Amino acid sequence: GVATGAGPAGMQVPGGAVVAQATLTSLEPAVVTTEALTLRGTIRNVSDARLVDPLPALRWSLDALQTPDELDLVEENPLFRYGGVDYRYSVGLPSLDPGEQATFAIEVPLADLVPGPGVYVVGFDTLATLPDGLRVFVASARTTVAVDVTREEPLVASLLWAGASARSLLPVGRLVDDALAAEIAPGGRLDGLVRAATGAPVTWVVDPDLVDTVAAMVPGYETAQPSGPGWGGADAAGFLALLSSAVSVDSDVRRLPSADPDVGGMAASGFEPPEVASTAEAALRSSVLTDLLGRRIPPLALLTDRPVDEALLATYAEAGLEDAVLPASSVVGGPGTVAPLAGTTLTAVLAQPLAPPTSDPAVSPALALRQRLLADTALAGEASALVLAPDPRWSVTAPEASAVVAAWQQAPWVRPVALDELPVATEPVTLRDDEAVEPLEASIAEGLRQVAADLDRLRPLFAEPPVDDDERPVVSARVVSTAWRAQPERGADYVGA
């Protein structure tokens with residue numbers, strides 16, 4: 001958010017010191033015509049000296065973006081499509097003492113500024129006077145805006161809405177901790193995801209292990225860390241009711257492989273093919289969603305967040321998987337968004353991964369997600385259809401989730417549909433190249449081997465083993481969940497528990 005190296009030469013804060021934080025908080029209307037645009041933001045003094053007469057002013061690039069790849073450049077390079085500052089649209093603010101913050105709004109009539117429809121970079125730069133009398137650029141913020149976008153035919157777009165969490169259910173019925181209780185409580189991450197998509201034509205993609213775990217919490221449960229009773233039983237019952245009511249009889253619903261096991265990582269770590277196959281099969285046989293919703297729920301693997309090779313796809317196909325969501329860039333072939341995957345029995349769903357929430361404080365996360373989705377769809381070019389897919393354990397707040405769903409439904413150039421409404425192309429696509437599938441974390445691989453050895457050791461001590469042969473692959477699926485890729489410490493805690 002600081003305009004170091006981004007303002008006119010010689011006008012930055014000497015030494016690149018950070019003295020102010022700019023945040024773009026609102027840009028309205030969401031769907032922009034060539035009438036007017038209102039930017040709202042804040043300027044906060046983060047230095048230990050007074051900032052005199054801060055002046056946020058419009059910064060606008062008149063060069064429209066051409067491809068989705070350029071959206072990444074906007075986020076990565078503050079000089080890309082830098083544009084210029086227009087002081088006709090500025091707001092003088094009172095001087096700010098250390099720690100103080102001011103809000104402002106800038107209204108911009110677009111007719112005189114925009115050369116034509118397109119996606120542009122817009123934001124503001126802020127001038128202020130330092131204690132030594134030097135007037136410099138102290139902070140900036142920017143995002144993209146789709147202006148007066150039209151298409152001959154609307155872009156048919158499906159939004160996959162994933163409900164998953166890190167593993168916490170142990171073989172003996174306890175939970176590792178109460179992290180899931182916080183996610184399903186009112187205002188929690190998963191509660192917000194479900195509420196944001198209720199009534200929208202999203203395609204629900206739910207991890208059966210999430211439902212299994214929440215159901216185990218309802219009658220009361222114990223946690224291992226700390227040892228004692230869990231506190232989320234009542235919220236668990238409420239969450240199951242919320243989910244079952246949000247998913248209507250007409251909703252398109254898919255189930256992830258339960259616990260989303262890293263079967264590719266297992267193979268790369270040297271586990272025997274029968275063990276890898278049994279783990280995949282166990283992950284795909286869960287019926288808990290069928291029981292909850294009262295109808296068959298087809299399986300779907302969401303593979304946009306990991307390397308994929310032919311061996312991984314073959315393992316899942318043999319286990320009974322029907323659809324695999326892959327990055328559109330990972331295949332070659334026909335123009336279809338949903339197409340047969342050559343050499344397999346799978347149908348490939350070619351998706352554009354949803355951008356994760358921004359960590360840049362210069363733009364509010366909900367606004368950044370909204371503007372990115374509008375820009376991604378506006379720059380879809382000649383594509384007739386698009387599938388938008390988040391990470392399976394997408395970490396967004398309720399306002400951020402709501403902003404994504406609203407943008408998908410509000411863009412006049414988009415026709416939102418469920419995945420089952422997209423036609424399946426006849427021409428197959430082919431995996432571009434085998435990617436190097438990474439082995440499991442060493443602690444996870446060793447943990448899985450240790451769990452198997454412990455279960456073998458305990459078997460003779462019980463008339464009925466604590467985990468029977470049918471459940472052992474389910475235990476393996478949880479131990480090798482792909483959730484641990486991003487959270488290796490939690491994976492180690494789970495294996496230890």
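Reply: Gladly! Two strands pair if DSSP finds at least two bridges between them. Helices (H or I, at least four residues) and strands (E, at least two) are DSSP runs, numbered from the N terminus. This is a predicted model, where local features need pLDDT of at least 70, side-chain atom pairs count only at pLDDT 80 or more, and totals for chains, interfaces and linings use all residues. Residues are numbered from 1 along each chain as its sequence is written, and side-chain values use heavy atoms, leaving out hydrogens and water.

Me: Which strand is joined to β18 by four bridges?

Reply: Strand β8 (residues 155–163), and the two run parallel. Look for Leu-159, whose bridge partner in β18 is Leu-388. Strand β17 (residues 347–353) also runs parallel to β18, joined by two bridges; there Pro-353 has Ala-389 as its partner.

Me: How many residues of β18 are buried?

Reply: Buried means under 20% relative accessible area, exposed over 50%, partly exposed in between (1.4 Å probe, protein chains only). In β18 (residues 385–389), five of the five residues are buried, so the strand is largely enclosed by the rest of the structure. Ala-385, Val-387 and Ala-389 point one way, while Leu-386 and Leu-388 point the other way.

Me: What is the strand order in the open sheet?

Reply: The order is β4-β3-β6-β7, with antiparallel pairing. Its edge strands, β4 (84–90) and β7 (135–147), each pair on one side only. Between β3 (residues 52–60) and β4 there are four bridges; for Arg-59, the partner in β4 is Val-85.
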